[in-house]
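Biologist: I am new to this structure and would like to go through its side-chain contacts. Could we take them one at a time?

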Amino acid sequence: MAWPIAEVARMSGVTARTLRHYDEIGLLPPAWIGSNGHRYYEERQLLVLQQILVLRALGVGLSEIALILGEEVDELEALRGHHRRLLAERERLDALAATVSRTIADLERAREDGTTVTSINRPENLFEGIQPADVDASLRDFPEQAEAARRATAAMTPEQIEAGQRERTARMIRLAELLAAGHPAGAEPVQRMIEEEHRMLVAVRAGSLPGSLPGSLPGSLPGSLPGSLPSDAAGDASGPGAVPAEEWLAIARSCTENEQWRAAYEAIAPGLAAYQRAAMEAYAEARPA
């Protein structure tokens, strides 16, 4: 069965002019051209047109579509490939819709409270591609921490390091959410996070968290620690690996003064570096000497 160009245009929603253009550039020739000069399309051409429309909807250019069609000669496999692209695009749109929904909620809350909204970036892995040498450079002012990071990462697989990077990114996002929610740096939920980071730092320095340190974060030293802390490896703040108060405060200052650390925090949310620093300083102030 064959359909004239006017009928194909009606069924597909594509103008006859566009179909003629696709023919002229060799993207979609008709099955044949009648004696009256009209183009006619059979089922095979309609399947190709469907592929073209899907790819166009995904933002693929005509020249690239021509290459894809030239490689994907089997219609079924081509459609499967297009289906996978559609599913991936749906996931992207779902994530975008969730972000917009959170922004709407933040704006509504800010209008009710008369406050400003903190914009939060939510990457899956902020530290993808960071190498051990980058970590050494970011920890140049803290040689003991740099050595602890080297020891911890030496026995880790790339998958373990990436998992740690992702968890650290998630922790930074959670801290940014506390900032956006208006919690002061000394507030209890913020200090719970800082307490955990302090205990993890002690544990890593004492060597009691093997294989748990992401070891690739230039964002802050406490931020280089694993995202979760086993209860049997918490670290004794007064025992091996203890962090002197002056060193803890120096680390806190580096959150804003170290360019790499500050950039990592600010990549998540404006003001997050200063918030982390203030939270660490509040933690030090609240602890007994």
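Modeller: What follows is a set of questions and answers on salt bridges and aromatic pairs in this predicted model.

Biologist: How many salt bridges are there in the model?

Modeller: A pair counts when a side-chain nitrogen of Lys or Arg lies within 4 Å of a carboxyl oxygen of Asp or Glu. By this rule the count of salt bridges is nine.

Biologist: Which helices does the salt bridge between Arg-168 and Glu-197 tie together?

Modeller: The closest N and O atoms of Arg-168 and Glu-197 are 2.9 Å apart. Arg-168 belongs to residues 158-180 and Glu-197 to residues 188-205, so the bridge ties together parts 29 residues apart in sequence. The two helices are H8 and H9.

Biologist: Are Arg-168 and Glu-197 buried or exposed?

Modeller: Buried means under 20% relative accessible area. Arg-168 has 2% relative accessibility, and Glu-197 also has a value of 2%. Arg-168 is therefore buried, and Glu-197 is likewise buried.

Biologist: Glu-196 and Arg-171 form a salt bridge. Which of these two residues is partly exposed?

Modeller: Their N-to-O distance is 3.5 Å, and the pair links Glu-196 in helix H9 with Arg-171 in helix H8, 25 residues apart. Arg-171 has 3% relative accessibility and counts as buried. At 23%, the partly exposed residue is Glu-196.

Biologist: Which residues are linked with Arg-168 in a network of salt bridges?

Modeller: Arg-168 has a salt bridge with Glu-197, and Glu-196 has one with Arg-171. These pairs belong to a network, in which the residues linked with Arg-168 are Arg-171, Glu-196 and Glu-197.

Biologist: About how many helical turns separate Arg-192 and Glu-188?

Modeller: Their side chains meet in a salt bridge at 2.4 Å, N to O. Both residues lie in helix H9, four residues apart, so the separation is about one helical turn.

Biologist: Is the aromatic pair of Trp-32 and Tyr-40 stacked or edge-to-face?

Modeller: The structure holds two aromatic pairs. In the pair of Trp-32 and Tyr-40, the ring centres are 5.6 Å apart and the planes are at 15 degrees. Planes under 30 degrees apart meet the cut-off, so this pair is stacked.

Biologist: Why is the pair of Trp-248 and Tyr-283 classed as tilted?

Modeller: The ring centres of Trp-248 and Tyr-283 are 5.6 Å apart. This pair links helix H10 with helix H12, across 35 residues. Planes under 30 degrees apart would count as stacked and over 60 as edge-to-face.

Methods
Residues numbered from 1 in each chain as written. Predicted model: local features only at pLDDT ≥ 70, side-chain atom pairs only at ≥ 80, totals over all residues. Heavy atoms only, no water. Buried < 20%, exposed > 50% of the residue type's maximum accessible area, 1.4 Å probe, protein only. Phe/Tyr/Trp six-rings, centres within 6.5 Å; stacked < 30°, edge-to-face > 60°.
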